[in-house]
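Try each task before you read its solution.

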Amino acid sequence: MPWSLRRGGEDGPLRSWLPLGTVDSGVLARVDPAGLVQLEGRNWSLDWWVRAEDRWHHPSMEAAVSQTADGASPVLRTAMRVPGGEVTQRCAAAQVRAGTWSGAGAAVEVTNDSAVPVALVFVLRPYRLDGRG
């Protein structure tokens, strides 16, 4: 279940989602405090899990998760502590051109800033940020 539903209560502070978008397209997606991404108009969300040397780490269940804007850029950075460092997810929206197609899109990037290798899983979940999909 998304962080905001499990930890935030009906009107709690964790039910605040940060929007991602471009000037041309408006809001394309929203991100919860644990980095779960929901595209506008979709009944599913994209989550990320990390297998470090000790166990699986789920950002929605970890205490050591922080979220900030990445400098002055329109990029949202969610970091999670794992043994030996942290793993960082970055989310952004941009105008995309791929061959003959162009339009607005959301991008998710994960980097391992720890001292050891980790496994990364992207999970499509049947949840919206505010309930079941």
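Predicted model: local features only at pLDDT ≥ 70, side-chain atom pairs only at ≥ 80, totals over all residues.

**Exercise 1.** Find how many helices and strands the chain has, and give their order.

*Solution.* Start with the count. Now read from the N terminus. The order is α-β-β-β-β-β-β-β-β-β-β-β-β.

**Exercise 2.** Describe the burial, surface and contacts of the chain.

*Solution.* Take burial, with the cut-off at under 20% relative accessible area. Of the 133 residues in the chain, 38% are buried. Next, the surface. Its accessible area is about 7200 Å², and carbon and sulfur atoms hold 54% of that. Last, the contacts. Among those with a separation of 6 or more, 50% join residues 24 or more positions apart.

**Exercise 3.** Is strand 4 mostly covered or mostly open?

*Solution.* Locate strand 4 at residues 45-51. Check its seven residues: five are buried. Strand 4 is mostly covered.

**Exercise 4.** Determine how strand 4 pairs with strand 10 and with strand 5.

*Solution.* Begin with strand 10, residues 119-125. Strand 4 pairs with strand 10 in the antiparallel sense, over seven bridges. Move to strand 5, residues 56-57. This pairing with strand 4 is also antiparallel, over two bridges. Four residues lie between strands 4 and 5, which form a hairpin.

**Exercise 5.** Which residues are the bridge partners of valine 50 in strands 10 and 5?

*Solution.* Look in strand 10: the partner of valine 50 is leucine 120. Look in strand 5: the partner of valine 50 is histidine 57.

Definitions and conventions. Residues numbered from 1 in each chain as written. Heavy atoms only, no water. Buried < 20%, exposed > 50% of the residue type's maximum accessible area, 1.4 Å probe, protein only. Contact = heavy atoms within 4.5 Å. Areas by Shrake-Rupley, 256 points an atom, 1.4 Å probe, with all protein chains shown as cover. Pairing = 2+ DSSP bridges.
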